[in-house]
Amino acid sequence: MKKLFLTILATAMTAVGLQAENPYKQYTTGTPFAISEISAPAIPERTVKLTDFNAVGDGETLCTDAFQQAITLLHQLGGGHLVVPRGVWHTGPIVLQSNIDLHLEHGAVILFAADESLYPIISTSFEGLDTRRCQSPLSAFSAENISITGNGVIDGNGQYWRPVKRGKITDSHWKSLLSQPGSVEMKKGYWVPSEGYAKGEQGANMNVPSAQTDEEWNAIRRFLRPVMVSLVSCKNVLLQDVIFQNSPAWNLHPLMCENIIIDRVLVRNPAYAQNGDALDLESCKNALIVNSKFDAGDDGICIKSGKDADGRRRGIPCENVVVDGCTVFAGHGGFVVGSEMSGGVKNILVKNCQFLGTDVGLRFKSTRGRGGIVENIYIKGISMTDIKTDAITFNMYYGGKSVAEMIADGDNPDNQTKEKVDETTPIFRNIDISDVVCNGAGRAMEFNGLPEMPIDGIRLKDIKITAQQDATFTNAVNISKNNVVIKVAGK
């Protein structure tokens with residue numbers, strides 16, 4: 001190891017400066033709000049290979065120590081590129097440090113181990129609440145200038161962790177799940193991977209358990225399934241070209257990060273992946289999500305900022321975000337805000353995107369108790385096909401269900417009785433939606449605001465929707481419509 005250290009040190013070059021022309025400048029030019037120019041992080045031109053640290057890419061040998069040693073050495077040297085060659089690299093958690101690029105060559109697969117004992121229980125945030133979860137397979141905390149690049153695959157082995165609903169899979173898949181030793185059909189049509197998982201879910205608040213002691217936490221470890229990629233309080237981040245798939249819970253979760261670029265990635269989970277959100281951008285500032293594809297078992301591109309009192313106490317909005325040229329193939333929503341938006345969401349531009357077969361196209365959701373203000377959202381140039389429920393929805397009565405589940409269960413909230421307006425009242429206002437075409441939806445639009453705090457100031461322009469049902473507007477004020485055409489089937 002000492003010889004390797006000296007060789008790398010001797011041949012290392014200085015860090016590269018920023019490119020003369022920043023290819024990402026185009027996305028922050030001419031936006032309807034002020035946003036700083038965002039550049040890719042500058043990583044020192046120093047390279048090591050994972051195989052330099054005795055890693056074996058046979059899909060079986062555990063490479064956790066090799067990843068840790070390589071990252072530690074690069075960090076000590078001032079940073080550089082950790083190259084992962086072709087092969088299947090079986091590993092426990094990987095923690096990135098500042099000035100490091102994790103680069104996957106063609107044919108490289110990082111496969112995270114299906115063994116919860118490898119993932120320590122840590123304090124973190126999930127579903128917008130302060131809680132404890134298993135450590136994420138791939139994470140970074142307070143790191144600067146980090147990237148994950150290349151043409152390989154990062155796989156979270158999510159089927160080891162996730163529950164499954166019977167109605168979302170085939171008969172043969174369901175039989176194979178029931179045959180797994182130690183698994184439980186917790187209730188009819190709802191399979192969980194272990195007794196510990198079932199115990200954790202009992203009394204949980206939206207996947208956040210009620211455990212108190214270390215003994216109680218350890219007893220439900222499998223229930224504490226982590227997000228796959230957790231980036232917390234990081235600055236200058238690039239995710240580029242890699243395939244991120246099969247996450248235990250959410251797939252990509254940047255939290256309280258600044259200056260982040262997500263470019264040309266493919267983020268995918270099975271359609272039955274419970275809580276399998278593709279991207280949850282939470283309380284981040286200055287972010288570009290461009291030229292990427294998302295195929296998820298839950299929301300596709302989702303903007304969040306914490307939940308209820310925990311989110312308001314954090315008080316960090318998600319702001320200055322550009323989403324451009326992205327595709328969402330499946331999921332509960334194409335572009336989503338909420339429901340955890342208690343810290344606020346503002347200054348978001350979404351354009352030139354396509355949503356193909358999602359449950360909802362544009363989805364805004366919250367509920368009483370959240371608080372927070374969602375404002376200055378600009379959406380234009382959206383193409384949608386085969387939307388299962390609403391092309392556009394604003395729902396202030398979200399209770400944890402997808403829109404399809406709400407319709408199937410006959411949810412009919414009381415949207416007449418006013419309650420007191422205070423810090424827990426969510427506010428949605430000043431939102432532009434224009435140049436939208438939707439060919440096929442269950443319902444054109446649903447606006448369902450609170451009687452004490454209507455949805456306010458939504459501007460709809462140049463919108464054409466073909467749907468089974470017309471639009472509905474309840475507790476929504478100052479809604480302007482300019483060239484909005486809705487064609488209802490059979491009319």
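In which sense do β14 and strand β15 pair, and over how many bridges? I started my notebook with that. The model I am reading is predicted.

I looked up β14 and β15 (residues 190-192). They pair in the antiparallel sense, over 3 bridges. I then picked out one residue pair. E185 has W191 in β15 as its bridge partner.

Is strand β11 mostly covered or mostly uncovered? I found that β11, residues 144-150, is mostly covered, with 6 of its 7 residues buried.

I checked what lies beside β11. Strand β6 (residues 100-104) is joined to β11 by 5 bridges, and the two run parallel. Within that pairing, I noted that L104 has G150 of β11 as its bridge partner.

Strand β17 (residues 235-240) also pairs with β11 in the parallel sense, over 4 bridges. Here I noted I148, whose bridge partner in β17 is L239.

I kept one general point for reading strands. In a regular strand, side chains alternate between the two faces of the sheet.

**Entry: G338 in its loop**

I moved on to a glycine. G338 lies in the loop between β28 (333-337) and β29 (345-356). Is G338 buried or exposed? Its relative accessible area is 0%, so G338 is buried.

What does G338 touch, leaving aside its neighbours within four places in sequence? I listed C302, I303, K304 and K365 as its contacts. I also looked up A444. G338 and A444 are 106 residues apart in sequence and 20 Å apart in space, C-alpha to C-alpha.

**Entry: the cysteines**

How many disulfides does the structure hold? I found 0. C284 is in no disulfide, and the nearest cysteine sulfur, that of C257, is 4.7 Å away. C284 counts as buried because its relative accessibility is 0%.

A disulfide needs the two sulfur atoms within 2.5 Å. C326 is buried too, with a relative accessible area of 1%.

Terms used
Residues are numbered from 1 along each chain as its sequence is written. This is a predicted model: local features need pLDDT of at least 70, side-chain atom pairs count only at pLDDT 80 or more; totals for chains, interfaces and linings use all residues. Side-chain values use heavy atoms; hydrogens and water are left out. Two strands pair if DSSP finds at least two bridges between them. Buried means under 20% relative accessible area, exposed over 50%, partly exposed in between (1.4 Å probe, protein chains only). Contact means heavy atoms within 4.5 Å.
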